[in-house]
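Good morning. I will take a few minutes to walk through one model, and I will start with a helix.

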There are 2 protein chains.
Amino acid sequence: MRGFTHRTLAGAAQSWIDARTAPLAEEGVPLIDAAGRVLTREIASPVDVPGFDRAMMDGFAVQAADTTGASLYNRLPLPVVGLLLPGHVPSTAVERGQAIRIMTGAPLPPGADAVLPAEKAELDGEQILVLDEVTPGKHVGQRGEDVVAGSVVLPRGRRLRPQDVGVLSAIGCASVPVVRRPVVQLVITGNELLPAGELPRGCLIADANGPMLASLVRRDGGQPRQPDIVPDRYDAILAALTADADIVLVSGGSSVGQEDLAPAILAEHGQLAIHGVAMRPSGPTGMGTLGTRLVFLLPGNPVSCLCAYDLFAGRAVRALAGLSRDWPYRVARLPLERKLVSVVGRLDYARVRIREGRVEPLAISGASLLTSTTRADGFVLIPEDSEGYPADTVVEVFLYDECPTAPCLNSSNSWT
Amino acid sequence: MRGFTHRTLAGAAQSWIDARTAPLAEEGVPLIDAAGRVLTREIASPVDVPGFDRAMMDGFAVQAADTTGASLYNRLPLPVVGLLLPGHVPSTAVERGQAIRIMTGAPLPPGADAVLPAEKAELDGEQILVLDEVTPGKHVGQRGEDVVAGSVVLPRGRRLRPQDVGVLSAIGCASVPVVRRPVVQLVITGNELLPAGELPRGCLIADANGPMLASLVRRDGGQPRQPDIVPDRYDAILAALTADADIVLVSGGSSVGQEDLAPAILAEHGQLAIHGVAMRPSGPTGMGTLGTRLVFLLPGNPVSCLCAYDLFAGRAVRALAGLSRDWPYRVARLPLERKLVSVVGRLDYARVRIREGRVEPLAISGASLLTSTTRADGFVLIPEDSEGYPADTVVEVFLYDECPTAPCLNSSNSWT
C-alpha cells in the first residue's frame with residue numbers, strides 16, 4: 001500500500017454527492033404505511049371536511065330566533081319533532097317553533113341554525129323548555145370548517161406526521177403519492193468474514209458492517225438489500241456492483257492495496273470520481289457512478305465504515321429518499337473535559353462521551369474499535385483548518401441517539 | 001350531557017399510568033430487525049473480538065528485533081518465506097531473520113510480533129530490504145482489543161443504534177433479547193364513520209383517528225391492530241375491548257352523553273379509574289383496566305384524540321415498549337409573538353406555529369380542526385396554575401417533527 005496521491009476535502013466530496021442526488025420518483029403507498037414518507041406533490045382536498053353542517057354537542061337543533069328571551073325565569077317551550085343520530089340523513093326539517101333532538105356529529109337538519117346544548121333544556125313530555133338563548137351558528141360545525149374542497153392541506157416535500165395521515169384519511173386519500181425509497185445494495189467483501197449471526201471462529205470474524213449499514217440505511221429512508229458476503233474476486237465484486245439498485249455501498253477493499261479491487265473495478269466499468277478523502281478515520285473512502293447507480297466505497301474497518309456512511313453515503317440515501325440531507329442527529333453544545341487534538345489538513349471525526357455535562361474524547365487512535373462508537377454518545381468534527389481544541393472549549397456534539405425525548409409532565413425513565 | 005362531576009389533573013393521570021406500566025417481557029428478534037429495539041438484558045460477549053492477533057496494514061510479519069537499526073541507509077535483508085491472506089490459518093511460523101508477506105486482517109503468524117508496512121520495505125527478489133525499525137506490537141491488532149470475552153458490550157435497557165447492531169453481529173449474536181412490542185388494539189367507534197381510505201359522502205365522514213393512532217403507536221414502539229369501525233353498540237364495543245392486546249385505545253364515545261357507551265362498559269366489566277381530565281382539549285378522556293389490558297378512552301374529536309394520545313396513551317405505549325416515557329419531541333425555547341391565554345384549573349395544549357423564531361398561537365378554540373395540528377409546528381403546555389403568558393414570554397415548544405436534523409457540512413434541504 002503506497003498511500004493516496006491526492007485526498008479530496010470532505011466538503012468537496014459532499015458537494016459531489018449533492019450535485020448528483022435528488023428525490024426519487026413518485027410511488028403510491030397505502031395510507032396506513034404513509035407516516036414518515038415524503039410527499040411528492042402538494043395534496044389538495046377533493047371534498048369539504050366536514051361535508052355537512054353538524055352538531056358539535058348533544059342537544060337540540062333549533063332556529064336560534066326561537067330561543068330569544070329564554071332564561072331560567074322565562075322557560076320557552078318547543079315541541080320535539082324528531083331525533084337525529086350521527087351518520088343518519090335528516091328526514092325532517094326544523095320549522096319555526098320546533099326542535100329536533102340531535103347528537104354530536106349528526107348533520108344539522110334543514111331549517112335549524114343552532115344547537116341548544118342538552119343542559120340548557122328541560123325535558124317536559126313531548127316538548128322541551130328552553131333555559132337559555134343561543135345565537136345562530138352556535139354549537140354548529142360548519143361544512144368545510146376543517147378543510148374546504150380544493151384547498152391544499154399538505155405541501156410537497158412534507159415528511160408525513162401521524163396527524164398528517166389523519167388529515168389524508170379525512171379527505172378520502174387511500175393511496176398517498178410519496179418519494180420512492182432508494183434501494184441500497186450492500187456489497188460486503190472480505191474473505192475473512194462470516195455472515196452476520198455466525199459465531200466468530202479461527203481466523204474468521206463476523207460481519208459487523210452489513211447489519212450496521214442495513215440499520216443506517218433503513219433509518220435514512222432506504223431499502224437495504226444484502227446478498228451473501230462477496231468474495232474478494234474481481235468477477236464477484238463486479239457482479240455485486242451491477243445489481244439493480246439506486247445506491248451501492250461496498251464495504252472493504254476500498255484502499256489502494258493489491259487486494260483492494262473495488263476502486264479499480266469502479267474505475268474500469270464506471271467512474272471513480274473521488275478516491276481518498278482528507279479525513280480520519282475513513283481516509284480510504286471512494287465514490288463514483290456505475291450506470292445510474294451511485295457507488296460508495298467504504299473502508300472495511302467498522303469505525304471508518306460508520307464514519308464514511310455518516311459523512312457521505314447516508315447523505316445520498318436521505319437525499320434520494322426526499323429527506324433533508326442533514327444528519328438525523330441532535331446537536332449539544334458542551335465544554336470539553338480534555339483537549340481534543342487534530343492535524344491540520346484533515347477532518348477528524350472524534351467519538352466522545354458526555355459525562356456530567358462535559359465532553360470526554362474517547363481514544364481517537366482506536367479507529368478500528370467498533371466498541372468506541374457504542375461507548376460514545378456522539379461525535380465532534382474537527383475541521384481541516386484546526387489543530388483541535390483546548391480543554392473547556394464549547395464544542396458541538398452530534399448525538400448518536402437519533403430519537404430524542406423531551407421531558408413530559410412526570411419525567412421518568414423506565415429503566416432507572 | 002351533564003358534564004363531569006370531577007376532573008382529574010393531567011399529572012395525576014400520568015402518575016396513574018406510570019404506576020401500571022413497565023417494560024414487557026423479552027422476545028428474541030433476528031439481528032437484522034434489532035435496531036431501535038430495547039435490550040432486556042445486558043449483553044456480554046462469548047468471544048474475543050478479534051479472536052486472534054491480526055495485521056492492521058498490508059506489509060510483512062516480522063520479529064521486531066530483526067528490524068533494529070534498519071534505515072534508508074542501513075537496509076536489512078530478510079527472506080520472505082510465505083504469504084498470509086485474511087481468513088487463512090497461518091501454516092508457517094516466522095523464525096528469527098524471516099518475514100512473511102501479510103495483508104490487512106490476516107492473522108499474525110506464530111513467531112511474528114510486528115507488521116512492517118509495505119512502504120517501509122523494498123522488494124529484492126525472494127527477500128525484502130527493511131527500511132525502518134518497527135517496535136513489538138506495531139501494526140498488530142491484538143486479540144480481544146475490541147471486545148474481551150466475558151465483558152459487557154451493551155447495557156440492559158439500551159435502545160439499539162446501528163453501531164450496536166454491528167457490535168452484536170461481531171460477537172456472533174444471531175437473536176437479540178429485546179422488549180416485546182406492545183399490541184395496541186384500536187377501537188374506532190362512530191356510526192357516522194367510513195373506514196380510512198373511503199371518500200366522505202352524505203353525512204358520513206372518513207375515520208381520521210384510526211390511521212393517526214396507528215402511526216403514533218408505531219412511532220412509539222407498539223404494534224397497532226385495527227379491526228373495522230366498531231358500531232356504537234354495547235355488545236360490539238365490549239367485544240372490541242376484550243381483544244387480545246396489551247393496550248386498548250377507544251376513539252369516540254368517551255364522554256358522559258347517552259351515546260357514550262365505552263365508559264359504562266369499562267366501569268361494568270373492568271375498572272374505570274379516571275374519567276374526565278382537567279385539560280383542554282381532551283377533557284372527556286378516560287382510562288382504566290380490563291383484565292390485564294390498559295384501556296384509554298380517547299375523545300372522537302381528532303384534535304382531542306391526538307392530545308389525549310400525546311399526554312396519556314403514548315406514555316403507556318412507550319413504557320411497555322421499554323422506551324423512555326417522555327415525548328419523542330424536540331423542545332425549542334422561543335418568545336411568544338402574541339399573548340397565549342388559558343384558564344386557571346386546567347392544562348391547555350395549545351397548537352403553535354413558529355415564524356421567524358417567534359411562537360404564534362393558532363386559534364385554540366378550533367379544538368375540532370385536525371388541520372390545526374398539521375398547520376402547527378408543535379404545541380405549548382400551559383399548566384393548571386397559569387392564566388397564560390403575555391407576548392414575548394419565552395415558552396417551551398414541543399415540536400411535532402420527531403425526527404430532527406442537524407446541519408451537516410453543506411447544509412441544504414432537498415426541497416427548497
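Which residues are buried in helix 4 (residues 234-241) of chain A? They are A:Ile237, A:Ala240 and A:Leu241. Before I go on, please keep in mind that this is a predicted model.

Now look down the axis of helix 4 of chain A. Its buried residues fall within an arc of 100°, so they line one face of the helix. In general, an α-helix has 3.6 residues a turn, so residues three or four places apart point the same way. As for what these buried residues pack against, the list for chain A is strand 13 (183-188), strand 17 (247-251), helix 5 (262-269), strand 20 (286-290) and strand 21 (293-298).

Helix 1 of chain A, residues 10-18, can be read in the same manner. The buried residues here are A:Ala10, A:Ala13, A:Gln14 and A:Ile17. They cover an arc of only 100° around the axis, which puts them on the same side of helix 1 of chain A. Their cover includes strand 18 (271-275), strand 19 (279-280), strand 20, helix 6 (302-320) and strand 24 (347-355) of chain A.

Strand 24 of chain A contains A:Leu347. Is A:Leu347 buried or exposed? A:Leu347 has 25 C-beta neighbours inside 10 Å, so it counts as buried; the cut-off for buried is 20 or more. Leaving aside residues up to four places away in sequence, A:Leu347 touches A:Ala10, A:Ala278, A:Met279, A:Leu381, A:Ile382, A:Pro383 and A:Glu384. A:Ala10 is one of the buried residues of helix 1 of chain A. For a sense of distance, take A:Asp48, which is 299 residues from A:Leu347 along the chain: their C-alpha atoms are separated by 54 Å.

Next, the two chains. How is chain B laid on chain A? It takes a turn of 180° and a shift of 0.0 Å along the axis, and the RMSD is then 0.0 Å. The two copies are thus related as by a two-fold rotation axis. Both copies use the same surface, since 100% of the contact residues of chain B recur in chain A.

Let us move to the sheets, and to chain B. One open sheet has 6 strands in the order 16-13-17-21-20-18, with mixed pairing. The edges are strand 16 (223-225) and strand 18 (271-275) of chain B; each has a single partner strand, so one side of each is left without a neighbour in the sheet. From one strand to the next, the twist averages 20°. Strand 13 (residues 183-188) of chain B runs parallel to strand 16 of chain B, and 3 bridges join them. Within that pair, B:Val183 has B:Gln223 as its bridge partner.

Helix 5 (residues 262-269) of chain B lies across strands 17, 18, 20 and 21 of chain B, at about 35° to strand 20. Helix 6 (residues 302-320) of chain B lies across strands 13, 17, 20 and 21 of chain B, at about 170° to strand 21.

Chain B has another open sheet of 6 strands, ordered 7-4-6-5-9-8, again with mixed pairing. Here strand 7 (114-117) and strand 8 (121-124) of chain B are at the edges with a single partner strand each, so one side of each has no neighbour in the sheet. Ignoring direction, neighbouring strands are turned by 40° against each other on average. Strand 5 (residues 76-84) and strand 6 (residues 99-102) of chain B run parallel and are joined by 3 bridges, with B:Val80 opposite B:Ala99.

What about the core? The largest nonpolar core holds 198 residues. Those that touch the most other members are A:Val187, A:Leu249, A:Phe296, B:Val187, B:Leu249 and B:Phe296. Among the contacts of B:Leu249 are B:Val187 and B:Phe296.

A:Ser282 counts as buried because it has 25 C-beta neighbours inside 10 Å. In chain B, B:Asp392 also has a positive phi, of about 80°, but with 11 C-beta neighbours inside 10 Å this residue counts as exposed.

Notes
Residues numbered from 1 in each chain as written. Chains lettered and ligands numbered in written order. Predicted model: local features only at pLDDT ≥ 70, side-chain atom pairs only at ≥ 80, totals over all residues. Core = buried A, V, L, I, M, F, W, Y, C linked by C-beta atoms within 7 Å. Buried ≥ 20, exposed ≤ 12 C-beta atoms within 10 Å, placed from the backbone. Contact = placed C-beta atoms within 7 Å. Least-squares fit on C-alpha atoms with pLDDT ≥ 70 in both. Pairing = 2+ DSSP bridges. Helix = DSSP H or I, 4+ residues; strand = E, 2+ residues; numbered from the N terminus. Axes fitted to C-alpha atoms, helices over the stretch in contact; angles between N-to-C directions. Arc of directions from axis to C-beta.
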